[in-house]
Amino acid sequence: MAPVLAFMAVGALTALAVVLIVVALVVYLVAVIVQLRKITGGLDEVIGHVGEIVQKSAPVNDVVTTINEQLDAGVDLLEGLLVKKAGMTDAVGLVEGLYAGAGAAGFRKFPESTEVKAPRIGEVYTQGTLTLARLGREAPIALGNPAGFPLRNVEGGSLAARLLYPEARQSKPASMPRSPVIGTDAPVQYEQRDDIGKPRKRLPARR
Amino acid sequence: MTLWWIGDVVLLVVVLPVVVYLLRAVLDAATSIVPSVQEIARVAAAASKDLDAAALLLTTQDQVTQTVAGVANYGGSLDVILDDAE
């Protein structure tokens, strides 16, 4: 009888061990499955947002490339125009006067501009600058001139404008010939025609 | 019979704890992934929202084109009214 009980006891213990292992497997694997489902849901959400990012950023490369090309063309145009009108040396001086230190960087389209020594801005007076002054434009150059702003004097600025007029007005005469007054009340009446109000002259008839 | 007892003891004392330990480690790893995935989802949503303005780049492109065209016209006018340096 004892061996039978012993066999039953050891068999029950084996069954208990197996049941415990199976229960542990079920509990933990179910918990892992729940977590994996959460991960799957989160990754689905991520994939959706990443798809939106890809869709929204698809044209960015082409658009930015086009914008850069346009801006490069604009910079090349302005640099070329400045160098053409002011000359390389004065152009570097103008840039240096506007943005201190920028002259050393030179122009992109003109690599040789980095070798040009920027002149003092007070010495840079190009034809273009004077033309702009004659046109009444305020050329924003010579900001760094220690003698002050050479093109536009706020207090005496009218002199520069007056120089544009004929010499007679620049000497500030006490009195100048006045403009003629016209009309019936004019002090000077021009000679009137005698035939006004009279019968029309009859010319001889042609044959 | 003795070996069976020994096997049962090993099963209960060694195998069961090892199985529990390994399963617990897997569960901890899976649990730790969930917050990271949720954070990635939140960041992806924010990044997607940030790119809503990317469509305005087309407007920027048009404006840059028009601006450069204006600059080109202005430069052409200056080229006409100003003398060359040389």
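This is a predicted model: local features need pLDDT of at least 70, side-chain atom pairs count only at pLDDT 80 or more; totals for chains, interfaces and linings use all residues.
**View 1. Chain A is built from seven helices and zero strands.** From the N terminus on, its elements run α-α-α-α-α-α-α. Chain A has 207 residues, and 13% of them count as buried. Take the chain A contacts between residues at least 6 apart in sequence: 49% of these join residues at least 24 apart.

**View 2. Chain B has two helices and zero strands.** It has 86 residues, of which 5% count as buried.

**View 3. Chains A and B meet through 47 residues of chain A and 45 residues of chain B.** On the chain B side, two elements give two or more residues each: α1 (2–50) and α2 (56–81). The most comes from α1(B), which gives 25 residues. By class, the chain B side holds 32 nonpolar, seven polar and six charged residues.

**View 4. Helix α1 of chain A, residues 2–57, packs with α1(B).** Two values describe such a pair of packed helices: the angle between their axes and the distance between the axes. Here the angle is about 15° and the axes are 8 Å apart. Angles under 35 degrees count as roughly parallel, so α1(A) is roughly parallel to α1(B). The crossing of these two helices is left-handed. The residues of the contact of α1(A) with α1(B) comprise 37 nonpolar, seven polar and six charged.

**View 5. Helix α2 of chain A, residues 60–86, packs with α2(B).** The angle is about 15°, and the axes lie 10 Å apart. The two helices, α2(A) and α2(B), are therefore roughly parallel to each other. The crossing in which α2(A) passes α2(B) is left-handed. From α2(A), the residues that meet α2(B) include A:Val60, A:Val63, A:Ile67, A:Leu71, A:Gly74, A:Leu78 and A:Leu81. On α2(B), the residues that meet α2(A) include B:Leu57, B:Gln61, B:Val64, B:Val68, B:Val71, B:Ala72, B:Gly75 and B:Asp79. An α-helix has 3.6 residues a turn, so residues three or four places apart point the same way. By class, the contact of α2(A) with α2(B) has 15 nonpolar, seven polar and one charged residues.

**View 6. Helix α2(A) spans 38 Å from its first C-alpha to its last.** It has 27 residues, and the span is close to the 39 Å expected at 1.5 Å a residue. Which residues of α2(A) are buried? They are A:Leu81, A:Leu82, A:Lys85 and A:Ala86. A:Leu81 is also among the residues of α2(A) that meet α2(B).

**View 7. Helix α2(A) packs with helix α3 of chain A, residues 88–98.** How far apart are their axes, and at what angle do they pack? The axes are 7 Å apart, and the angle is about 120°. The helices α2(A) and α3(A) are therefore oblique to each other. In this pair, α2(A) passes α3(A) in a right-handed crossing. A:Leu82, A:Val83 and A:Ala86 are the residues of α2(A) in this contact. They meet A:Met88, A:Asp90, A:Ala91 and A:Leu94 of α3(A). By class, the contact of α2(A) with α3(A) has six nonpolar, no polar and one charged residues. Of the residues named here, A:Leu82 and A:Ala86 are buried.

Conventions
Residues are numbered from 1 along each chain as its sequence is written. Chains are lettered from A and ligands numbered from 1 in the order in which they are written. Helices (H or I, at least four residues) and strands (E, at least two) are DSSP runs, numbered from the N terminus. A residue is buried if 20 or more other C-beta atoms lie within 10 Å of its own, exposed if 12 or fewer, and partly exposed in between; C-beta atoms are placed from the backbone. Two residues are in contact if their C-beta atoms, placed from the backbone, lie within 7 Å. Ala, Val, Leu, Ile, Met, Phe, Trp, Tyr, Cys and Pro count as nonpolar, Asp, Glu, Lys and Arg as charged, and the others, Gly among them, as polar. Axes are lines fitted to C-alpha atoms, for helices over the stretch in contact, and angles run from 0 to 180 degrees between N-to-C directions. Angles under 35 degrees count as roughly parallel, over 145 as roughly antiparallel, 65 to 115 as roughly perpendicular and the rest as oblique. A crossing is left-handed if the near helix is turned anticlockwise from the far one by less than a right angle, and right-handed if clockwise. The expected span of a helix is 1.5 Å times one less than its number of residues.
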